Amino acid sequence: MDPQKVWQTMLTAIKPEMSEANFNLWFANTDITQVADGKIILAVPSAFIKENLKQRYQDLLLKAAKEATQQEVEIDFVVDSSRVTLKKTAKVAEEDLFQLPTTITRPTLNPKYTLDNFVVGLSNNVAYAAAKAVVENPGTSYNPLFFYGGTGVGKTHLMLGIGNELLKKNTELKIIYCSSEKFTNDYVEAIQNHKMGDLRNKYRSADLLLVDDIQFFSGREGTQEEFFHTFNELTAKNSQIILTSDRPPVEIAKIEDRLKSRFQGGLMVDIQLPDLDTRVAILRAKCLEKGEMLPEDCLNLIASSSQINIRELEGKLIQIMQSLKAQNLPPTVESISKFLDTRSPNSAANLNHKQVLSIICQYFNIKAADLTGPKRQKELVLPRHMAMHIMSEDLKMTVERIGEILGGRDHTTVMHGRDKIKQLINTDREVQRIFIEVKNSLASS
Ligand code: ADP
Ligand code: MG
């Protein structure tokens, strides 16, 4: 039975039963992942949605499922938070970060992201300490607090964690959370409708302003101007501002200098890709949150299988949990490695060294002959080292074999290059970004 067909039939039956707003809120990011053996598994973006679907719509779902499959079925849920960003347009994704509690009309921040459930490790401990400091002394210690780092490393989580912590201390606190696109849209709309006053009242009355992914202010002159004044007014009255970006302010193109210097005027902290221990700790925490248990060696295996960001790691964990459940397998290194090999997009099983080299040449726009040739120009060294690293880590090839493939290089040269790049990935933003992009290209090749 095609799960998507079943789901579409179910949605058609469910939709007329409620308001459009409710339908969007509870079902827009819910998807079917499995229909088998009298069981349907639905993936939902948060535990909050899961609880609500169970409490409010269980009967409706069961009825629709029965009709769609022509049999009695059970419904099970898995929480997959990566769905929030994967499946939606930016605008809806943003709304999801707010939830309207049933009793209070004021929107609150998504309670899922707290400082308590943020796992601290080498890659993010400075950022975490800064977050704590801001919670202790908002508006004074570090203003603005600026988090930067690659995608999925926990910037938004940490920012909302601060918001939630401050909201706990003072429920009256006026918090505005938005992406830079939302701010831009509000600004454009305000101009069109001659409502600049409203816009200013809104943003300039915040006690805490959280703006996510400000790299998208790039090139938006009017928005930058408006934000500059908002910024000044808020900091003048000690309202705390927290910003995130995928790169440090100096590296964002087309941002006014005066704004850049404001961004740099507080505290800038970067969040790196997590090291292995942190990845294991995060996986452990995510399992606990979902009320699941995986043995340590399994956590280790999953954490070692990918160097990519935490969002992907979480996605992989969920995928594995689902597969184990669906096939009724116990969580063991053996059963899990099966899924890692066949299901993971960038797994060794699906790749060979020719593909790796070809993707690297494509990405860096160099010739294969140069990559494997004797030239030692800087433009060739990084791609070569990247190739060594990926062939070693992902394809598990020996240094001797890698040396051969790369034009007969000595194995010590390969070891050196591989270790060098490994270290750079952890310390150099630019290299990290390139690495992630290359891995993404490989994954989608
Ligand atoms: P970013 O904003 O940097 O792209 P997010 O904050 O959206 O990344 O994090 C992606 C996912 O990883 C979220 O589900 C988040 O809860 C989780 N995550 C990231 N860092 C941590 C951490 N240190 N501890 C626990 N969960 C984390
Ligand atoms: Mg984010």
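**Exercise 1. Describe the surroundings of ligand 1 in this predicted model.**

Step 1. Count the shell. Ligand 1 is surrounded by 19 residues, each with a heavy atom within 4 Å of it. Val119, Gly152, Thr156, His157 and Glu314 are the closest.

Step 2. Sort by class. The shell holds six nonpolar, nine polar and four charged residues. Here Gly counts as polar, while Asp, Glu, Lys and Arg count as charged.

Step 3. Find the polar contacts (pairs of N or O atoms within 3.5 Å). The side chain of lysine 155 has an N or O atom 2.8 Å from an oxygen atom of ligand 1. Valine 153 uses a backbone N or O atom, 3.2 Å from a ligand oxygen. A nitrogen atom of ligand 1 lies 3.3 Å from a side-chain N or O atom of asparagine 124.

Step 4. Check the cover. Alone, ligand 1 exposes 560 Å², and the protein buries 95% of that (Shrake-Rupley method, 1.4 Å probe).

**Exercise 2. Describe helix α10 and its buried residues.**

Step 1. Find its span. Helix α10 covers residues 221-236 and reaches 23 Å from first C-alpha to last, close to the expected 22 Å. The expected span is 1.5 Å times one less than the number of residues.

Step 2. List buried residues (under 20% relative accessible area, 1.4 Å probe, protein chains only). Among them are Phe227, Phe228, Phe231 and Leu234.

Step 3. Name the cover. It includes α8, α9, β8, β9 and α11, in contact through heavy atoms within 4.5 Å.

**Conventions.** Residues are numbered from 1 along each chain. Side-chain values use heavy atoms, without hydrogens or water.

Key. Chains lettered and ligands numbered in written order. Predicted model: local features only at pLDDT ≥ 70, side-chain atom pairs only at ≥ 80, totals over all residues. Polar contact = N/O pair within 3.5 Å; in protein donor to acceptor, adjacent residues only side chain to side chain. Helix = DSSP H or I, 4+ residues; strand = E, 2+ residues; numbered from the N terminus. Buried < 20%, exposed > 50% of the residue type's maximum accessible area, 1.4 Å probe, protein only.
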